[in-house]
Amino acid sequence: MSNGTLTRKLGFWSALAIAVGTTVGSGIFVSSGDVAKAAGTPSISILAWIIGGLIAIPQVMVLAELSTAYPENGSGYVYLNKAGWRPLAFLYGWATFWALDPPSISIMALAIVSYLATFFPFFSGIAGKLLGVAIILVITAIHYRSVKEGGLFQVIITAVKIIPFIIVIALGLMYMKAGNFSYVPAHGAVKTSLIGGVSATTWAYTGMAAICFMAGEFKNPGKILPRALISSVFIVLALYTLLAICVIGLMPFDKLIHSNAAVSEAVSYIPGLSHIASSFVATTAIIVILGSLSSCIMFQPRLEYAMAKDGLFFQRFARVHPKYETPSFSIIIQVTYACILVFMSNLTALLGYFTLIQLVINILDFAAVYKCRKRDDYNPIYRMPLWKLTTILAILGASWLAWGTFTWAPWQGMIAAFIVIATGLPVYFYWNKRYGSASKKDNDVVA
């Protein structure tokens, strides 16, 4: 029976599966073409993928230190709170709940349905939306009933989602054409840019921090979290780079830079697979997105759970199921909200507009280490090397991504940020006044 708290049941493989499973999503199917187009040449494109992964290393090192200093559920909310930036910590969770996490669940469910519809055309319109809801509910049932079984499922689905990529890489290495790597654009025809190529990879490398949201549920977090965070970067870096090499080696570069489905088109160049390329990629996409969906349903409710424990969110979100030992109410509400959003349109654009404020707060997450290191209770098991330089590099990498998002939709992003602040701050002051600063920090509520 639960004692009203979330207990430490997850091990290293679950942590690694969540980090990799969240990061490797549907974007990789189109990003190879986007990176190639931005980079302009095969060599710069491959280099962009390598640098994009290297940029993520300082960021996960900062998170590894913070998460071992405060191995609690909540990730950025906890670090901002510990740094003394309590209103920002609240806005982080407020924006995440209303505009980012449940919408992302909805978008992924609908993406799975869209790929399933290539095999079963019946699943379009309302039938497709109902199927999307059904997929969400099935995955939710797994994570609602047991964090340990949910972790095992995440390990399995992540392993399965990597297999198709390994197949493409193995076959790509066998059938690639060396001449594809010697492509040189006509003078003035294509603009080459290493910075542009790296920028096009940055979103593909986000997601490793997902395990920090569940830091309070990993056994021996001081060892598991740094190992999982750093290992996930190198695994994803190797996967993306090898995949990029194979895609470039399989299809002519002048076609790659104009492709919106690079992986699918590259597979069609493999002898014997041209007639099943689209089906192969559709099946792969379903598995890949399913893994990301599972990961999000697993870790996302932990943020609001942590906020509710601290008196900065609806108190019911702090409830722990007496039998299953999961944040039952937080899971149910977020999934219910996500299911409602399945029936809305233009959700992808809405999600994009609200990411700017989260990216800015992510920058403050990394900066929080400066404040946290001055606290008496700051005793991380893992300490990053050259911590000042590493933190600066992490901030610069996050700032690069935030700037790219701002230039994509500057006014929409600013309006979304204003909405978050205008709606969030009054609620923050109400809850902070009612429940105090941290008096309820260790008082979990049992469902």
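**View 1. Leu393 sits in helix H16 (residues 387–408).** Helices here are DSSP runs of H or I with at least four residues, strands are E runs of at least two, and both are numbered from the N terminus. The model is predicted: local features need pLDDT of at least 70, side-chain atom pairs count only at pLDDT 80 or more, and totals for chains, interfaces and linings use all residues. Residues are numbered from 1 along each chain as its sequence is written, and side-chain values use heavy atoms, with hydrogens and water left out. Leu393 is partly exposed, at 40% relative accessible area. Buried means under 20% relative accessible area, exposed means over 50%, and partly exposed falls in between (1.4 Å probe, protein chains only). Leu293 lies 100 residues from Leu393 along the chain, and their C-alpha atoms are separated by 30 Å.

**View 2. Tyr77 belongs to the largest nonpolar core.** A nonpolar core is a set of buried Ala, Val, Leu, Ile, Met, Phe, Trp, Tyr and Cys residues joined through side-chain atoms within 4.5 Å. In soluble globular proteins, nonpolar side chains tend to be buried together. Setting aside residues up to four places away in sequence, Tyr77 touches Arg86, Ala89, Phe90, Tyr92, Leu303, Ala306, Met307, Asp310 and Leu312. Contact means heavy atoms within 4.5 Å.

**View 3. Asp310 and Arg86 form a salt bridge.** Their closest N and O atoms are 2.9 Å apart. A salt bridge is a side-chain nitrogen of Lys or Arg within 4 Å of a carboxyl oxygen of Asp or Glu. Asp310 lies in the loop between helix H13 (301–309) and strand S1 (319–320), while Arg86 is in helix H5, so the pair ties together parts that are 224 residues apart in sequence. Both Asp310 and Arg86 are buried. The structure holds 7 salt bridges.

**View 4. Arg302 meets Glu217 in a salt bridge.** The closest N and O atoms of this pair are 2.8 Å apart. Arg302 is in helix H13, and Glu217 is in the loop between helix H8 (194–201) and helix H9 (221–250), so the pair ties together parts that are 85 residues apart in sequence. Arg302 is buried, with a relative accessible area of 0%. Glu217 is buried, with a relative accessible area of 0%.

**View 5. A network of salt bridges links Glu72, Lys82, Arg375 and Asp377.** Within it, the side chains of Arg375 and Asp377 meet at 2.9 Å, N to O. Arg375 is partly exposed, at 31% relative accessibility. Asp377 is partly exposed as well, with a relative accessible area of 33%.

**View 6. Ser75 has a positive phi, near 50°.** Most residues other than glycine have a negative phi. Ser75 sits in the loop between helix H3 (42–69) and helix H4 (76–82). Ser75 is buried, at 3% relative accessibility. Leaving aside neighbours within four places in sequence, Ser75 contacts Tyr92, Ala209, Cys212 and Phe213.

**View 7. Glu325 has a positive phi, near 55°.** Glu325 is in the loop between S1 and helix H14 (328–342). Its relative accessible area is 12%, so Glu325 counts as buried.

**View 8. Leu152, Ile156, Val160, Ile163 and Ile167 make a nonpolar surface patch.** The patch covers about 420 Å². Patches are made of residues with over 30% relative accessible area and no salt bridge; like charges are joined within 9 Å, and nonpolar side chains (Val, Leu, Ile, Met, Phe, Trp, Tyr) within 5 Å. Accessible areas come from the Shrake-Rupley method with a 1.4 Å probe, and for residues only the protein chains shown count as cover. Ile163 is in helix H7 (residues 147–175). Ile163 counts as partly exposed, at 46% relative accessibility.

**View 9. The structure has 0 disulfides.** The cut-off for a disulfide is a pair of cysteine sulfur atoms within 2.5 Å. Cys339 is in no disulfide; the nearest cysteine sulfur, that of Cys296, is 14 Å away. Cys339 is buried, with a relative accessible area of 11%. Cys246 is buried, with a relative accessible area of 0%.
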